[in-house]
Structure formats: structure tokens, C-alpha cells
Amino acid sequence: MHRRSGERCGGLLIDLPQNPEAKKGADMLKLEPVSVEPFWLDILPGVRIQFRPVSVAAMLIARGAAGEALKAGGEQATIEAGAAFTRSLAQTGIIAWEGIGNAKGKPVDPDKAAIDQLLELWPAFDAIDRLYVGPALTRLDEKNV
């Protein structure tokens with residue numbers, strides 16, 4: 001079934017070009033191979049973290065974590081939900097890191113407890129949110145402009 005521009009479909013507004021031939025391919029969702037290769041990000045001076053790309057499964061798990069925080073309620077529920085979302089993606093995405101150690105300066109592996117400790121440091125949380133989570137949320141928009 002074809003839709004007309006401005007018509008609603010399942011709650012979404014369909015915005016199709018008036019003359020499809022004039023802008024052939026311009027308003028098209030571009031399917032490209034999804035990278036599955038891990039990549040490194042410089043999070044803070046002297047700290048590099050290797051991440052796996054955000055998958056659909058990881059995104060759904062993160063949404064679930066945010067939903068649980070919202071269900072718990074409270075004055076800070078939306079803030080807690082955002083933190084839970086970022087924390088979940090970091091826990092599923094972080095593979096390795098350099099420049100992170102325990103109180104004695106001995107390198108530690110990125111297990112769940114260590115990742116949680118790292119995320120309690122605002123500069124690290126903020127950098128992971130901006131450099132890893134944010135781009136995953138906007139990737140579709142940027143590739144399809």
C-alpha cells in the first residue's frame with residue numbers, strides 16, 4: 001500500500017517527496033553494512049577504551065534498564081533512567097581499556113564492578129555518554145541525511 005505525503009501510518013507522519021523522480025534516492029533509507037569491529041575511543045587524558053559497536057540487542061537491553069528506573073519512580077526518575085541507559089550500553093559495549101587501574105595503580109580488567117566504578121566518575125561517565133552512546137543514537141540520522 002502506498003502512502004501520500006502528510007498521511008499518518010501507525011502514529012508516524014509520512015513525509016514523501018512530492019515528485020519522487022526529482023529527488024530519486026535523496027529521501028531513501030540507505031542500508032549499509034553494519035560494522036561489527038571493535039573500536040577505541042580516547043575518553044580522558046591517558047585513558048582509552050575499546051568498545052564493540054552498539055547492537056540492536058544492546059539498545060533494547062538499555063531501554064529496559066531505563067524503563068526499570070522510570071518504574072521505580074521518584075523525583076529523579078528521568079535522570080536515573082538516563083544514567084541506567086548509558087550504564088547498560090557501557091557494560092555491554094566495553095571490551096578492554098588502557099590507563100585504568102585500582103587504588104594501588106595496578107591495571108584492572110573491565111568487569112561489571114570496575115565499569116560501574118568508572119561510571120561513578122563524572123568526567124568518565126560524561127565522555128562515554130557523549131562519545132559512545134550519543135553517536136549510536138544519532139547514527140541513523142547522520143547516515144541518511
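Guide: A nonpolar core here is a set of buried Ala, Val, Leu, Ile, Met, Phe, Trp, Tyr and Cys residues joined through side-chain atoms within 4.5 Å. Buried means under 20% relative accessible area, exposed over 50%, and partly exposed in between, with a 1.4 Å probe and protein chains only. This is a predicted model, where local features need pLDDT of at least 70 and side-chain atom pairs count only at pLDDT 80 or more, while totals for chains, interfaces and linings use all residues. Residues are numbered from 1 along each chain as its sequence is written, and side-chain values use heavy atoms, with hydrogens and water left out.

Visitor: How many residues has the largest nonpolar core?

Guide: It has 30 residues, and Ile49, Leu89 and Ile128 have the most contacts inside it.

Visitor: Which elements give two or more residues to this core?

Guide: Strands E3 (39-44), E4 (47-51) and E5 (94-98), plus helices H1, H2, H3 (112-119) and H4 (122-143). Helices (H or I, at least four residues) and strands (E, at least two) are DSSP runs, numbered from the N terminus. H4 gives the most, with 7 residues.

Visitor: And leucine 89, what is it in contact with?

Guide: Leaving aside neighbours within four places in sequence, Leu89 contacts Val54, Ala58, Met59, Ala62, Tyr132 and Val133. Contact means heavy atoms within 4.5 Å.

Visitor: OK, helices. At what angle do H1 and H2 pack?

Guide: H1 (residues 56-72) and H2 (residues 77-93) pack at about 150 degrees, with axes 8 Å apart. Axes are lines fitted to C-alpha atoms, for helices over the stretch in contact, and angles run from 0 to 180 degrees between N-to-C directions. The two helices are therefore roughly antiparallel; angles under 35 degrees count as roughly parallel, over 145 as roughly antiparallel, 65 to 115 as roughly perpendicular and the rest as oblique.

Visitor: Which residues in H1 meet which in H2?

Guide: Among them, Ala58, Met59, Ile61 and Ala62 are on the H1 side, and Ala81, Ala84, Phe85 and Leu89 on the H2 side.

Visitor: What about H2 and H3, how do they pack?

Guide: At about 135 degrees, with their axes 10 Å apart, so H2 and H3 are oblique to each other. Arg87, Ala90 and Gln91 in H2 meet Lys112, Ile115, Asp116 and Leu119 in H3.

Visitor: Changing topic: is glutamine 50 buried or exposed?

Guide: Gln50 is buried, because its relative accessible area is 17%. Glutamine 50 lies in strand E4.

Visitor: What does glutamine 50 touch?

Guide: Not counting residues up to four places away in sequence, Gln50 touches Pro38, Phe39, Trp40, Gly93, Ile94, Ile95 and Ala96.
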